[in-house]
Amino acid sequence: MAVPFLTTSTAQYDDADQDFGAAFTSIFDIPPKAPILSSSPLPNVSSRTAGDSLNASSTSAAAGDDDDETARPTLPQTPEEVHQYQLLKSKRMAERRERAKEIIAKHRPEPGQLHRMSPEEIRLVYGNAVKEDPALEKQNHKWLRGLGNSGYYYGSHVPNFLAPVDEYYDPWAQGYRMLGGYIDCDHSKENNRGGSHDNRNGGDQNENKCSRWMMWAAYVNPNYNGGGRDEYFQYQNGNGNGDYYDEENQSGVSTLDCHSPNTEWQLIGVYRQEFYQFIEQISKHLWAIDDYEYVVALAGLAYMTDADCMGLGYDKQGNFLYAGVMPYTGGNFQMQLYQDSSCLIPDTSSGMTYDDFGLTNNLDLGDKYDGSLTDDALSTLYNYWSAAQEYTLELLNEVYNEYKYCTLCMDYPTYQDGYFIGDSGTDDDDLINQCWKFHSHDSYTCETDCISLGNAQGSILQVNYAGRSYGTSWDGSGNTGGTTVYDHYAKGYTNNSSKESNFEKFKANAYLTFNGVLFIATFLAFAVARGSRTDSSDKSRSLLSREERKKSRSASNSKKSSSRSKSARGKAASSSGHSRSSSKKKRVLGLAR
């Protein structure tokens, strides 16, 4: 099976932003269990009803580090209190990052000294860890959290519709795509012993909240030829390896189409990750400090916060309102007002939106910003920031739309909080495996019940799993969208519609062959029928041979000629008699006169 390069001695640094392993071959690669098919209807959110947990006054202590704990505001709270609390969280985030860097600088292992753990070694480590720490809450046990979900270490069967787990996959052969968010009241972030690594205290202000998760899928390219990124993207300026260039299609030899229903990419598994954390991880590693996308992502994250459900204040009727992320169709999401402390019952009577509570904030490019941007540049970025902070999160949805399409796991180029890692962010040693980032920051296996939950809520995109199609169709499900790719280096969408998969080529060839055979068969049938008509009468088939018919026609023609001759003589005689009769009549009339 695929196992990590990391051992327990290095896994304790999973808070670090730098990637230790190049390949997405962690133990989280183990796919979900075989689907559990049930005829009973699935709930739209969870098995717990909203009425079970309506408690507007409940509060909970911050769940952060023992030496850095800040109490959450007590409900109800003012916008000023919310803003102050967010500032304190930002400060804690910066402090944690600095501590993580110090630890990594002192204890970062040498890759050459690491060894791949065998399945037996992992089973032993997992068993000992569970005995000592049943909840796997200790820092050096966090990497083991996903093993229990997989079922592999209890002898379960790996479904044959998923990619084999006993093979090593090159990082450039791996891709992912965002399926969309969903709400789950039975699996909270705290129950999964997770949460945002940068926001471990969270922003949730009640213990009855229902968690927001982002669902994503991982794939592997079985046709990978070892060409790295050049296998998927080639440029006219010659920037690329010609060995992996398709002259006929003028592009790379492989297609990033794992989002297409007809793809040849194999599904590794479907996973769920804390909603805020998924959005945040992409923002940290894929854009420059002055990129429009980077600023929109930071603004959206700051505006929606990492809270699953937070209290805001009262409407004009005196009803207390809550707010949380609401996933909806097409893999999109927005900030929604709710009536209950679980953020399940949307508010439809107040006439208010999230924007009415004045929770916007000022431009903040993060702790890494070096102050090098001009005032004009900052003014432009501030306009981006302000435009992004509105309840529909339209710009944030637009920016993350590209990740609904098949995306390589390797970030190219790679950034860290707005700046290149290395000189250009494109050297092999500087690249970050985004799929590994997702896994190391609290991703969990999403099994059939999880996928069905997102499907029932209508908020996830189409995904094929265990021979069934879940989610709603979208642009990527069609023939044109199925070949759409976003090039993060060139910063734009491309469409490899001229590149056909082997399956598509097979279908096209089969169609042409079938039509060719049909044409030949039709032509032969027509030729035979025409020859038959030449040898037969239009009304009935003759019983005489061709020679006999020829003699018969000769005799018939002779008779007809003789008959015509007699008829002509008869007519001539009749004409002569008629003439004589007329002459006699004239003479009689003359005598009478």
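Helices (H or I, at least four residues) and strands (E, at least two) are taken as DSSP runs numbered from the N terminus. I worked from a predicted model, in which local features need pLDDT of at least 70 and side-chain atom pairs count only at pLDDT 80 or more, while totals for chains, interfaces and linings use all residues. Residues are numbered from 1 along each chain as its sequence is written, and side-chain values use heavy atoms, with hydrogens and water left out.

I noted that helix α4 (residues 275-285) packs on the sheet and touches β1 (174-184), β2 (211-220) and β5, its direction making about 110° with that of β5. Contact means heavy atoms within 4.5 Å; axes are lines fitted to C-alpha atoms, for helices over the stretch in contact, with angles from 0 to 180 degrees between N-to-C directions.

I then traced the open sheet, in which five antiparallel strands follow the order β9-β1-β2-β5-β12. β9 (407-408) and β12 (443-445) are its edges; each has a single partner strand, so one side of each lacks a neighbour in the sheet. Strands count as paired if DSSP finds at least two bridges between them; β5 (residues 266-274) and β12 have three.

I turned next to the hairpin of β6 and β7, which has five residues between its strands. Four bridges join this antiparallel pair, and Met310 stands opposite Ala323 in β7. Gly318 in this hairpin takes a positive phi near 85°.
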